[in-house]
Amino acid sequence: CIFEMPELQEAYEAHQESGLVVLALNRDEDPKVIGDFLANDLDVTLTFPILLDEHAVVADSYGILNMPTTYFVDAEGAVSAVHRGPLTREQIETFLAAMS
């Protein structure tokens with residue numbers, strides 16, 4: 001997440017006016033741990049929502065076994081791609097371009 005979050009933030013800033021929504025899902029961690037990570041471990045301030053999946057219900061329903069896992073969902077709500085592992089900005093742009 002340390003490597004991917006800045007990449008997601010940059011993509012979000014570049015595309016939010018076109019309707020891009022980024023949601024981060026934290027799987028089964030204490031809110032204090034999440035807050036400490038955001039405050040101390042990242043070199044960027046995230047402006048997209050970070051959702052807390054306290055009992056891993058959402059992660060389990062999507063079959064997320066390793067983190068990070070990124071789902072690209074189109075405007076109709078269909079999953080257009082799934083990427084397991086960290087993403088680079090170039091990879092994010094490639095997935096986004098394939099959706100348009």
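Phenylalanine 95 counts as partly exposed, at 22% relative accessibility, in this predicted model. Its ring and that of phenylalanine 72 have their centres 4.6 Å apart and their planes at 25°, so the two form a stacked pair. The count of aromatic pairs comes to three, and a search of the whole structure finds four salt bridges; two of the aromatic pairs and three of the salt bridges are described below.

**Aromatic pairs**

- Tyrosine 12 belongs to helix 1 (residues 4-15), whereas phenylalanine 48 sits in the loop between helix 2 (31-40) and strand 2 (50-53), so the pair ties together parts that are 36 residues apart in sequence.
- Both of these residues are buried, tyrosine 12 with a relative accessible area of 15% and phenylalanine 48 with one of 4%.

**Salt bridges around arginine 89**

- The side chain of arginine 89 meets that of glutamate 10 in a salt bridge, with an N to O distance of 3.3 Å; this pair links distant parts of the chain, since arginine 89 is in helix 4 and glutamate 10 in helix 1, 79 residues apart.
- Arginine 89 also meets glutamate 93 in a salt bridge, at 2.9 Å from N to O, and here both residues lie in helix 4, four residues apart, which is about one turn of the helix.
- Through salt bridges that share partners, Glu10, Arg89 and Glu93 are joined into one network.
- The three residues of this network are partly exposed, with relative accessibilities of 24% for arginine 89, 40% for glutamate 10 and 24% for glutamate 93.

- Lysine 32 forms a salt bridge with aspartate 36, in which the closest N and O atoms are 3.0 Å apart.
- Both partners lie in helix 2, four residues apart, or about one turn of the helix.
- Lysine 32 counts as exposed, at 56% relative accessibility, while aspartate 36 is partly exposed, with a relative accessible area of 34%.

Technical notes
Residues numbered from 1 in each chain as written. Predicted model: local features only at pLDDT ≥ 70, side-chain atom pairs only at ≥ 80, totals over all residues. Heavy atoms only, no water. Phe/Tyr/Trp six-rings, centres within 6.5 Å; stacked < 30°, edge-to-face > 60°. Helix = DSSP H or I, 4+ residues; strand = E, 2+ residues; numbered from the N terminus. Buried < 20%, exposed > 50% of the residue type's maximum accessible area, 1.4 Å probe, protein only.
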